[in-house]
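Colleague: I am new to this one. Please take me through the terms as we go.

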Amino acid sequence: MNAVDKRTRRLTMAFAGLALSCCVSFGLGATLFRGRQRHAVLVDPLDRRLEIPAPFFEGDGAFELVEVLDFECPYSAGAYKALRDACAGYGGRMRCALVPYPGRRREYAAVYTKGYLSARRQGRGSGFAEALFAQHLWRSRVPRQEGEGHAYAAAFLAADRAGLDLDRFEADIYCESVKELCDSALASVRSARLRAIPTVFVNGYRVEGALESAAYRMAIEKIASR
Amino acid sequence: MKTSVYLNRLIVVLLVAAANALVFAVARARFSETSYEVYTTDEIIADTSGFPHRGPVSAPLSIVVYNDPQSRQGAAMDRLLDTLCVLRGDRIRVCYKLRPVYVDKARRIRACAALAAYNQNRFFDMLRLLDSASVGRAQEQKRAEIRSEVLACAKKLGLDMGRFSRDLDSRQTARRIGEVVAETEAYGIVVYPCVLAGGRLVRGLVPTGTLVEAVDRAVDGPQAGPLGGES
């Protein structure tokens, strides 16, 4: 074995040793000595009951959950998914309402609320919400003045993807009674001193902010036990 | 010759150790385990001993204020509490807990100054002076600038400056602020200023009527369950 071979072999051994020790360190860090974080979630009771119109609700259980989300907010998208996971075990015991809130004071975003309620009339509220969140509307850079047209386009696209009857959806979304119901729901959540989006109201308690599904599950369990 | 070989080996060992430490830290953070604890506002136990108080000891309700003397909202909350004490002074005892939103040394110096003044029984006077000094000022003021401003306030109040300076930099003052920060983090309180009144948390700046209503409900109304004790 000449000197060059010896040197190459030693270098290979050194790199192999380094890789092996790094693997061991990674394994130890990811299993035995992994970091532990503790997060506290504060829920507070409401002063008065929310008056959300009945058409917003899905299910007829005794346990009431009202989600206030913004379809143009990525945190709301995360919270929506986390809540679906958290509520999976409750099935028929829960009645859920989603109130799409026009975030950042953009009035045109009320179109999504009307769209959601129109989809609820066809029993496809969840499908519509998922299709709307899947469009990642928070990434679009539509000028404010074109916002309403864009919102209608996004709502119709979501309706199509959710498999709704588009003629019926169109008739509903422009219907005056749908607008009144939306205004009533938004006024109700505003009266509860809404401070953050997303916010979830669980049986008369407020849970603010976007949390992970485990945190939502614990909050719901805690409120259910009271 | 031998020395340089040993030096090279030492460098290699140190590099390997650094690489391992980095990988370990990344793995630890990436695969960290998060546990959650859920509290309702009536479960918050606020330790009020040793913190500035205002109002009669015999008052039927003790309320706790978590406030940041650095912020404009904090200054507005102080004025709101002044009004509340005028309207419901006989019914409440207010405990002030200073909770700087930013906990770095430069930005908590005003909270330290207020606590240092409390040691000389001039907490509220100092708070008022700090309020008037903080309004309109940028948050990013340099530490030295804020410090000189705070010392000027103390001088204006006629405090014992030697004692004030010692208290301003003392570990005990920093520890007391640290205790408040730990308490708020432990219960998941994230909005400041906020008022804890009879098991309810009034978050942020609210109209005077809302705060008065919260106090009245805490003193007069039933406390059981949500929705004002209806269920």
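Modeller: Helices (H or I, at least four residues) and strands (E, at least two) are DSSP runs, numbered from the N terminus. By that count chain A has eight helices and six strands. This is a predicted model: local features need pLDDT of at least 70, side-chain atom pairs count only at pLDDT 80 or more, and totals for chains, interfaces and linings use all residues. Residues are numbered from 1 along each chain as its sequence is written, while chains are lettered from A and ligands numbered from 1 in the order in which they are written.

Colleague: How many residues of chain A are in contact with chain B?

Modeller: Contact requires C-beta atoms, placed from the backbone, within 7 Å. By that test, 33 residues of chain A meet 33 residues of chain B. On the chain B side, H1(B) gives the largest share, nine residues.

Colleague: What makes S1 of chain A and S1(B) a pair?

Modeller: Two strands pair if DSSP finds at least two bridges between them. Eight bridges join S1 (residues 36-45) of chain A to S1(B), so the two strands pair. They run parallel. One of the partners in S1(B) is B:Ser35, bridged to A:Arg38.

Terms used. Two residues are in contact if their C-beta atoms, placed from the backbone, lie within 7 Å.
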